[in-house]
Amino acid sequence: MQVTATALPDVLILEPTVFGDSRGFFMESFNANTFREATGLDVQFVQDNHSRSTRGVLRGLHYQLQQPQGKLVRVPRGRVFDVAVDMRRSSPNFGKWVGVELSEDNHRQLWIPPGFAHGFVVLSDSADFLYKTTDYYAPAHERCLKWNDPTVGVQWPLDGLEPSLSGKDQQGSALADCDSFD
């Protein structure tokens with residue numbers, strides 16, 4: 001597994017070893033020992049989630065203030081632009097973002113540690129999005145950073161499309177008004 005730090009050093013791109021030939025491919029999508037050795041992180045995942053969305057669906061930017069979740073995300077079908085935003089006020093990167101394309105072709109995974117907001121937009125006709133979390137979903141603690149907050153300035157590759165948002169995501173808060181981590 002190859003690990004690459006992003007512009008936000010705590011957010012990591014993981015590229016598993018893929019063995020392929022004319023019949024298809026094989027890869028380990030997760031191995032706790034390999035993950036620990038490659039990243040130096042010893043995390044325990046407690047929940048796996050799977051979503052399917054169509055082109056232009058934008059989900060996020062979500063985080064849980066209590067019971068914060070680390071997430072290991074990947075896209076086994078389709079293509080998305082995945083985004084993490086540092087929500088830790090004590091961090092020199094507070095309010096900064098990083099975006100990475102994840103797809104069935106590049107097999108990349110993204111590690112998003114606790115303390116970051118997370119979201120993605122679907123770039124293909126549809127996409128399946130899989131993610132492992134280090135804590136359970138807790139709706140009472142969930143928060144939403146506004147996807148297009150100009151202070152954060154995420155450059156979503158929408159190519160003129162108006163994103164399809166849930167009611168919750170339409171009501172996201174500006175960074176200045178968001179609850180955040182210390």
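A disulfide here is a pair of cysteine sulfur atoms within 2.5 Å. Keep that cut-off in mind as you start the tour of this predicted model, where the count of disulfides comes to zero.

**First stop: two cysteines**

Select C144 and show its side chain. Which cysteine sulfur is closest to the sulfur of C144? The partner to pick is C178, and the distance between the two sulfurs is 7.7 Å, too far for a bond. Seen from the other end, the sulfur of C178 has C144 as its closest cysteine sulfur.

**Second stop: the largest pocket**

Next, move to the largest pocket, which holds about 330 Å³ of space. To centre your view, select H62, K71, Y131, E142 and K168: of the 22 lining residues, these are the closest to the pocket's centre.

Then colour the elements that each give two or more residues to the lining: the strands β5 (47-54), β6 (58-64), β11 (116-122) and β12 (126-133), together with the helix α2 (167-170). Which of them gives the most? Look at β6, which supplies five residues.

Notes:
Residues are numbered from 1 along each chain as its sequence is written. This is a predicted model: local features need pLDDT of at least 70, side-chain atom pairs count only at pLDDT 80 or more; totals for chains, interfaces and linings use all residues. Side-chain values use heavy atoms; hydrogens and water are left out. On a 1 Å grid over the protein atoms alone, a cavity is a set of points where a 1.4 Å probe fits but cannot get out, and a pocket is an open set with protein on both sides within 12 Å along at least five of seven lines; lining residues have an atom within 4 Å of a point. Grid points are joined across faces, edges and corners, and a volume is the space filled by probe spheres set on the points. Helices (H or I, at least four residues) and strands (E, at least two) are DSSP runs, numbered from the N terminus.
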